Amino acid sequence: MEQNIIQTDVVKAAAAIKSAIQLTRKTMMLSANKNALALYYGIGRYICQSQKRSSWGDKILETISSLLQQEMPGLKGFSKTQLKRMKTFYLACQNYFRTPSDFPKNSSIADFTNITDSEDVVIGPLTTDQFDKATLDAFLTVQFTHHYEILQRTDTLNERLFYIYKVASEFWSVDKLKYNIREQLYLKEGTMPNNFAVTLRNYSAKGHGGVSSLK
């Protein structure tokens with residue numbers, strides 16, 4: 001009898017620890033993805049500003065990428081192509097997210113660690129008043145590669161948020177995302193949770209539309 005109780009306790013303990021490990025891993029992954037998106041957005045913003053000031057071309061981005069590899073051997077994800085994609089990401093999202101310079105000087109930006117403010121590259125949390133919490137959480141859950149594919153293959157804010165929600169809630173791979181966009185799943189289903197729909201209606205009512213600024 002005692003042996004059975006001990007065995008039951010062991011099973012319960014293992015299950016509880018497993019659950020804690022899985023939850024912590026998920027939290028760490030979500031935090032890392034949120035920080036990565038903020039980094040890419042900040043770099044994209046820096047590239048856009050620098051190109052306006054100095055007329056940077058693709059050759060400059062290639063040189064920057066090479067220098068980064070020299071300074072940080074083994075660094076991945078910062079090729080010329082990826083830097084251009086960060087610029088695309090910023091241009092698509094700049095009308096929706098606030099930059100650190102938009103916050104009051106004495107405000108504390110919560111829920112973000114290791115905020116970096118170098119000479120020109122400013123990295124802060126992707127914060128917005130345009131989306132409700134569920135929408136923003138879904139956006140920050142989706143990885144950069146998925147975001148870029150959505151930006152390249154869709155035109156409207158409604159459609160993009162639809163696929164963002166699908167990726168976040170159904171854990172689509174990039175290949176599955178591409179397939180569903182090709183199959184025009186948005187036109188076949190076109191439904192999202194009520195909070196997404198309310199957000200889109202309110203945002204459109206303010207005159208933003210979401211089509212031209214996200215192309």
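**Stop 1: the whole chain**

Show the chain as a cartoon. It has nine helices and two strands; helices (H or I, at least four residues) and strands (E, at least two) are DSSP runs, numbered from the N terminus. Read from the N terminus, the order of elements is α-α-α-β-β-α-α-α-α-α-α. Of the 215 residues, 34% count as buried. Buried means under 20% relative accessible area, exposed means over 50%, and partly exposed lies in between, with a 1.4 Å probe and protein chains only.

Contact means heavy atoms within 4.5 Å. Among contacts between residues at least 6 apart in sequence, 71% join residues at least 24 apart.

**Stop 2: colour by confidence**

Colour the chain by pLDDT, the predictor's confidence in each residue, from 0 to 100. The average for the chain is 80, and 75% of the residues score at least 70. Select residues 103-118: pLDDT stays under 50 here, and the model has 18 contacts beyond four places in sequence for this stretch. Then select residues 197-215, where the pLDDT is also below 50. This stretch has 36 contacts in the model beyond near neighbours in sequence. Where pLDDT is low, the predicted coordinates should not be read in detail.

**Stop 3: helix α1**

Select residues 2-54, which form helix α1, and find G44 in it. G44 counts as buried because its relative accessible area is 0%. Which residues does G44 touch, not counting those up to four places away in sequence? They are M86, K87 and Y90. Draw a distance between the C-alpha atoms of G44 and K87: they are 43 residues apart along the chain and separated by 3.8 Å.

Move along to Q51, which is also found in helix α1. With a relative accessible area of 16%, Q51 is buried. Leaving out residues up to four places away in sequence, Q51 touches W56, L61 and K87.

**Stop 4: where α2 meets α3**

Select helix α2 (residues 58-71) and helix α3 (residues 80-93). Their axes come within 8 Å and cross at roughly 120 degrees. Axes are lines fitted to C-alpha atoms, for helices over the stretch in contact, and angles run from 0 to 180 degrees between N-to-C directions. Show the side chains of D58, L61, E62, I64 and S65 of α2 and of K80, L83 and K84 of α3, which make the contact. These residues divide into three nonpolar, one polar and four charged. Here Ala, Val, Leu, Ile, Met, Phe, Trp, Tyr, Cys and Pro count as nonpolar, Asp, Glu, Lys and Arg as charged, and the others, Gly among them, as polar.

Centre on K80, in helix α3. Its relative accessible area is 27%, so K80 counts as partly exposed. Beyond its neighbours within four places in sequence, K80 is in contact with D58, L61, E62 and S65. K80 and E62 are 18 residues apart in sequence and 4.8 Å apart in space, C-alpha to C-alpha.

**Stop 5: helix α5**

Select residues 144-153, helix α5. Seven of its ten residues are buried, so the helix is mostly covered. The buried ones are F144, H146, H147, Y148, E149, I150 and L151.

**Stop 6**

K166 is buried, with a relative accessible area of 10%. Setting aside neighbours within four places in sequence, K166 is in contact with F171, W172, L185 and E189.

Next, select F171, in the loop between α6 (157-170) and α7 (174-182). At 67% relative accessibility, F171 counts as exposed. Most residues other than glycine have a negative phi. F171 is not a glycine, yet it has a positive phi of about 55 degrees.

Finish at Q184, in the loop between α7 and α8 (185-188). Its phi is near 55 degrees, again a positive value in a residue other than glycine. Q184 is partly exposed, with a relative accessible area of 46%.

Conventions: Residues are numbered from 1 along each chain as its sequence is written. Side-chain values use heavy atoms; hydrogens and water are left out.
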